[in-house]
Structure formats: structure tokens, C-alpha cells
Amino acid sequence: MAEINLGPGADEVPLAGMLAEMLKSNLEKPEKKRDFEKLKAKVLIHAVDAEAKITMDFDRGRLTVYGGEAGKPDISIATDSTTLLELANLKIKYGLPWYFDETGMGVVKKLLKGDLKIKGLITRLGPLTRLTRIMSLN
């Protein structure tokens, strides 16, 4: 069973509990659990419209979700709440996020327009791809 804990400040940010519960459900799938057990990265998620920030600290089979910023993130994602949900709806094909359907194209457009900002998109591509596979509901 995957170890997912809420750290300091997580109780004050509803997004933290919501994502932790979503991950617990996702990790029932063996392929997502394998990625979870390999992922070591600190991820900052900022829901700009909700003025909510959480830090997800993945440590090879363990995750602690903190409210706010906790340490220096490897990957930072800043966007509105709707786009965060769209990211969770990205399809995975051939082990990679699929950007060639309506949801994927919408994500690409938001990246190009600056409505979705991802730090680590190029320099942390491996962990970001693994994170996307874990977080995807598909």
C-alpha cells in the first residue's frame, strides 16, 4: 500500500486533501503504483484562482502533501483550478501524456498562452512525465 500523509498546513488547504485522496484511488492501478515507487521529486502546485498552494514531496513510494510551499520544488505548476482538473484528465498513450485529443490540445494552448506555467517542463521531463501518469485519471 502506498504511503500518503498530510504534512503541516495541509489541513488548511482543501486542494491538499482532494489530491491526496485522488492519488490513493489512482495508486490502486499497478502501473501507477510502479511510477509512484520510482518518483522522487518535490512538486509545487499553485491554483492561482483559489489562491491555494500545496507541495507534494514524492520519495519513492511515499508522499507527504504540505499546505503552501515546503522547500525548493523540482517542478512547479501554476494555473487555475479548471486547468488542474484538465491535467488530471490527460490521456496516457504509449506511456506518455497524449496531447493530440481535445483535452491535450487545450493543455498545449494554455501552455503557449501562459495560462499554464510549468517550471521543470524541460529540465525535469522524466519526473514530470511520471507525475502526469500518476495523476491522470485515465
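**Helix packing, core and loops in the predicted model**

The crossing of helix 2 and helix 5 is left-handed. In this predicted model, helix 2, which covers residues 30-38, packs against helix 5 at an angle of about 140°, and the two axes lie 9 Å apart. Helix 2 is therefore oblique to helix 5, because only angles over 145 degrees would count as roughly antiparallel. On the side of helix 2, the residues that take part in this meeting are K32, D35, F36 and K38, and their counterparts in helix 5 are R130, R133 and I134. Sorted by class, the contact between helix 2 and helix 5 consists of 5 charged residues and 2 nonpolar ones, with no polar residues.

Helix 5 also contains M135, a residue that counts as buried because its relative accessibility is 12%, and buried means under 20%. When neighbours within four places in sequence are left aside, M135 is in contact with L19, M22, L23, N26, M56 and A88. The C-alpha atoms of M135 and N89 are 8.6 Å apart in space, although these two residues are separated by 46 residues in sequence.

The largest nonpolar core of the model holds 36 residues, and among its members I54, M56 and F58 touch the most others. At least two residues of this core are supplied by each of helix 1 (14-26), helix 3 (81-88) and helix 5 (125-135), and likewise by each of strand 2 (40-47), strand 3 (52-59), strand 4 (62-67) and strand 5 (75-79). Helix 1 provides the largest share of the core, with 6 residues. For I54, if residues up to four places away in sequence are not counted, the residues touched are V13, L15, A16, L19, V43, L44, I45, V65, Y66 and G68. M56, one of the core residues with the most contacts to other members, is also among the residues in contact with M135.

Two loop residues have positive phi values. E51, which is not a glycine, has a positive phi of about 50°, and its place is in the loop that runs between strand 2 and strand 3. With a relative accessibility of 72%, E51 counts as exposed, because the term applies to residues over 50%. R60, also a residue other than glycine, has a positive phi near 45°, and R60 lies in the loop between strand 3 and strand 4. The relative accessible area of R60 is 53%, and R60 is therefore exposed.

Technical notes: Residues are numbered from 1 along each chain as its sequence is written. This is a predicted model: local features need pLDDT of at least 70, side-chain atom pairs count only at pLDDT 80 or more; totals for chains, interfaces and linings use all residues. Side-chain values use heavy atoms; hydrogens and water are left out. A nonpolar core is a set of buried Ala, Val, Leu, Ile, Met, Phe, Trp, Tyr and Cys residues joined through side-chain atoms within 4.5 Å. Buried means under 20% relative accessible area, exposed over 50%, partly exposed in between (1.4 Å probe, protein chains only). Helices (H or I, at least four residues) and strands (E, at least two) are DSSP runs, numbered from the N terminus. Contact means heavy atoms within 4.5 Å. Axes are lines fitted to C-alpha atoms, for helices over the stretch in contact, and angles run from 0 to 180 degrees between N-to-C directions. Angles under 35 degrees count as roughly parallel, over 145 as roughly antiparallel, 65 to 115 as roughly perpendicular and the rest as oblique. A crossing is left-handed if the near helix is turned anticlockwise from the far one by less than a right angle, and right-handed if clockwise. Ala, Val, Leu, Ile, Met, Phe, Trp, Tyr, Cys and Pro count as nonpolar, Asp, Glu, Lys and Arg as charged, and the others, Gly among them, as polar.
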